[in-house]
Amino acid sequence: MAVIEFRALTKKFGQNAAVNNLTAEVEQGRITGFFGPNGAGKSTALRCVLGLASPTSGEALIDGVHYREIKDPLRKVGAVLDSGGFNHGMTGRTSLKIVAATAGIKDARIEEVLDLVELTQAADRRTKGYSLGMKQRLSLAVALLGDPEIFVLDEPSNGLDPIGIAWLRGFLRKLADEGRSILVSSHQLAEMQHTVDDVMIINYGKLIAEGPIADVAKGRSLEEAFLQLVMPK
Amino acid sequence: MIRLMKSEYLKLLYSRTFWGLLVGTIGLAILSTAPLPYVYHDLQSRVNFGSLTNPDLVDAVYSRSAEGYIFALILGVLVMAGEFRHSTAVATFLSAPKRISVLGSKLIVAAIGGVFYMLVSTGFGFASSAIALGYYADAADPHPEVFINTLAAAAMAGAVLAILGVALGTLIRSQMVAVVSSLLWLFIIERLITLFLPDIGKYLPTSLIAGMMSIKVQGTTSTGVNISTDYLDAIPATFILIGYAAAFAALAISTSLRRDID
Ligand SMILES: Nc1ncnc2c1ncn2[C@@H]1O[C@H](COP(=O)(O)OP(=O)(O)OP(=O)(O)O)[C@@H](O)[C@H]1O
Ligand SMILES: [Mg+2]
């Protein structure tokens with residue numbers, strides 16, 4: 001069953017189509033890697049899924065509906081975006097509290113997610129002083145707050161140290177094994193090769209490969225397959 | 001909506017700017033009142049101005065306690081524009097994708113915040129008035145209704161200006177541009193228009209605010225000094241101001257709020 005669907009999704013900025021007629025599906029209970037060169041349109045496509053950007057044409061659906069129609073979105077979808085920020089004057093815990101309030105999430109859950117992303121120690125410091133990886137962990141904590149069944153993650157490993165990356169890999173696997181579905185973009189192909197079940201590759205906004213990783217890689221490493229698809233001789 | 005309002009309330013409670021602006025509001029209320037007894041006393045000795053033995057003039061001192069309303073406007077602007085400045089808008093609209101509900105809760109919470117600013121600062125203004133008047137032994141006692149009237153005007157101004165601010169901050173997403181341009185407009189452009197074209201001027205926000213501040217919930221005594229006839233009455237002025245806020249909010253909903261969130 002498809003939990004996320006792109007239906008002829010097109011998003012133009014002026015004349016330039018950042019996402020160009022993208023049709024693809026993300027299957028339930030699987031980790032789908034979303035790959036493409038810089039500027040390929042990954043973040044734009046994900047922002048359309050999350051209702052932050054309006055498609056020029058086509059649509060992006062979650063469980064058959066638009067994100068904006070989901071009743072309690074935090075409990076359905078957890079998201080990490082490259083553009084999200086935190087109020088630098090507030091602590092990590094306060095930032096979580098503010099988001100949790102919108103979904104009526106209990107304080108105990110805030111402690112749980114802080115623990116999950118290993119940020120408990122820094123939770124009472126202002127986010128101004130957070131390192132890149134700590135901010136990324138806080139973003140992950142926000143995504144986890146509502147214990148959602150679907151995750152949309154834009155370069156979640158950005159800024160994480162090797163321990164964090166290994167932790168994230170295991171963590172995503174665990175979530176998928178629980179039946180949750182994950183759409184995750186990344187540039188770290190070697191790393192993602194061992195994490196994802198399915199892949200979606202786009203270039204210049206257009207889908208150029210889709211399917212289970214074995215079918216797309218065809219015996220090559222993910223990186224080799226990617227390079228040959230994106231830069232054919 | 002209740003949850004969203006709680007979230008907005010927490011955003012204010014934990015933001016340092018909110019408390020900074022409160023201090024500013026209080027400061028302005030004190031600065032607007034404390035020097036007045038001296039000024040009036042000094043005027044009286046030089047020109048025939050009336051003296052502090054006149055309770056109307058004493059009322060005029062106390063009624064200036066509600067002078068900090070500009071900070072309610074700034075608060076309103078920050079409530080929305082601040083989200084874009086800190087790029088917390090992404091998290092906000094992910095947790096509440098119906099943008100109009102976000103705007104609605106911000107309008108309500110900002111209005112409450114604006115009322116809070118004004119009631120607290122007006123209280124400080126009363127205190128500073130009382131202390132400053134205390135230096136003049138012959139100063140009259142104020143009419144008791146000046147307190148309730150001033151508090152009512154302060155609360156009204158706080159709510160309406162905060163609402164106006166949220167609408168402005170939604171329309172102009174840049175916090176700096178929104179604050180600076182509304183100050184320029186209120187304190188320079190509008191004053192010039194009012195000076196040269198008073199018939200138009202009285203329908204502009206500053207004059208409406210001045211009109212609104214003259215609201216009387218008790219008694220009909222005039223404050224004794226220059227409540228100019230150039231201003232509309234409190235009730236129509238308040239409604240026109242709310243009309244401005246509604247127009248800005250409608251414009252914001254149809255333009256700014258439709259746009260993509262970065
Ligand atoms: N708000 C915007 N206004 C104008 N152009 C934009 C905007 N956002 C994205 N673009 C353009 O759309 C294209 C796709 O950008 P996008 O951020 O989606 O790429 P990406 O695949 O996420 O890249 P990266 O791997 O570097 O994160 C780029 O050409 C970018 O310049
Ligand atoms: Mg991107």
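In the predicted model, helix α1 of chain A gives the most to the shell around ligand 1, with three residues; a helix here is a DSSP run (H or I) of at least four residues and a strand a run (E) of at least two, both numbered from the N terminus. Both α1 (42–49) and β2 (16–27) of chain A supply at least two residues of this shell. The ligand itself lies between chains A and B. Around ligand 1 there are 14 residues, among which A:Gly39, A:Lys42, A:Ser43, A:Thr44 and A:His187 come nearest; a residue is near a molecule if one of its heavy atoms lies within 4 Å of it. By class, the shell holds four nonpolar, seven polar and three charged residues, where Ala, Val, Leu, Ile, Met, Phe, Trp, Tyr, Cys and Pro count as nonpolar, Asp, Glu, Lys and Arg as charged, and the others, Gly among them, as polar.

Polar side-chain atoms of three of these residues face oxygen atoms of ligand 1: the distance is 2.7 Å for A:Ser43, 2.6 Å for A:Thr44 and 2.7 Å for A:His187. On its own, ligand 1 has 640 Å² of accessible area, of which the protein covers 64% (Shrake-Rupley method, 1.4 Å probe).

Three cavities of 30 Å³ or more were counted. A cavity is a set of points, on a 1 Å grid over the protein atoms alone, where a 1.4 Å probe fits but cannot get out, and its lining residues have an atom within 4 Å of a point. Grid points are joined across faces, edges and corners, and a volume is the space filled by probe spheres set on the points.

The largest cavity contains about 200 Å³ of space. Its lining comprises 18 residues, with A:Ala79, A:Val142, B:Val90, B:Ala91 and B:Leu94 nearest its centre. Two or more lining residues come from each of β5 (77–80) and α5 (132–144) of chain A and α6 (89–95) of chain B. The largest share, four residues, belongs to β5(A). This lining has 12 nonpolar, six polar and no charged residues.

The second largest cavity holds about 70 Å³, and its lining includes A:Pro156, A:Ile165, A:Arg169 and A:Glu191. Here α6(A) provides the largest share, four residues. The lining divides into six nonpolar, three polar and two charged residues.

Residues are numbered from 1 along each chain as its sequence is written, and chains are lettered from A and ligands numbered from 1 in the order in which they are written. In this predicted model, local features need pLDDT of at least 70, side-chain atom pairs count only at pLDDT 80 or more, and totals for chains, interfaces and linings use all residues, while side-chain values use heavy atoms, with hydrogens and water left out.

Note on methods
A polar contact is a pair of N or O atoms within 3.5 Å; within protein, one must be able to donate a hydrogen and the other to accept it, and residues adjacent in sequence count only if both atoms are side-chain atoms. On a 1 Å grid over the protein atoms alone, a cavity is a set of points where a 1.4 Å probe fits but cannot get out, and a pocket is an open set with protein on both sides within 12 Å along at least five of seven lines; lining residues have an atom within 4 Å of a point.
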